[in-house]
Amino acid sequence: KKKKMDQITWMISFTFLFIVFSYIVMFGAGSGGIIGKAHEFITVGLGESAKKWIPRIFGMRVYNLCSSSFYALFNKRNPFFQLIYLGILTVALIFYFKDIHNEILWNKLSSFHNITVPSTIFLCYASFVLCSFTDPG
């Protein structure tokens, strides 16, 4: 019983921290007070701090490796992330058609859904293709 409560407590704590972090990152820009300061720290301050302490602690070789890895991951096209996104999208679509599509009572839905379901699927893949062939960042 105690172990199950510990798992629930961790799950609730993690969910709460994720929500707070997401709120700060999404809505903190330009707001004053503690939310704005937290946003500034997360988006700018951590990177600037890392640029100072990584060379001091680990040396320039590790700093250059981290810097070039960061640049390659976030400022260049990354086929690994593209394949992960394409895989998630395709697996979700497979589950939709395998488990959900046949369970929907299409005769009780508006004909509007006959247009929106395929167009949503098309837009997901179209946005993937568009993002794959544009400049990152």
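This is a predicted model: local features need pLDDT of at least 70, side-chain atom pairs count only at pLDDT 80 or more; totals for chains, interfaces and linings use all residues.
1. Salt bridge count. Searching the whole structure gives two salt bridges. Side chains of opposite charge can pair when their charged atoms come close. The two cases are taken in turn below.

2. Lys51 and Glu48. These side chains form a salt bridge with an N to O distance of 3.9 Å, which counts because the cut-off is 4 Å. Both residues belong to helix 2 (residues 33–58), and their spacing of three residues puts about one helical turn between them. Lys51 is partly exposed at 47% relative accessibility. Glu48 is partly exposed as well, with a relative accessible area of 40%.

3. Lys98 and Asp99. The other salt bridge joins Asp99 to Lys98, with 3.7 Å between the closest N and O atoms. Lys98 has 57% relative accessibility and is classed as exposed, while Asp99, at 39%, is classed as partly exposed.

4. His39, surroundings. Leaving aside residues up to four places away in sequence, His39 touches Ile24, Val25, Gly28 and Ala29. For Val25 there is also a polar pair to inspect: a polar atom of the His39 side chain lies 3.4 Å from the backbone oxygen of Val25. That distance is within the 3.5 Å cut-off for a polar contact.

Methods:
Residues are numbered from 1 along each chain as its sequence is written. Side-chain values use heavy atoms; hydrogens and water are left out. Helices (H or I, at least four residues) and strands (E, at least two) are DSSP runs, numbered from the N terminus. Buried means under 20% relative accessible area, exposed over 50%, partly exposed in between (1.4 Å probe, protein chains only). A polar contact is a pair of N or O atoms within 3.5 Å; within protein, one must be able to donate a hydrogen and the other to accept it, and residues adjacent in sequence count only if both atoms are side-chain atoms. Contact means heavy atoms within 4.5 Å.
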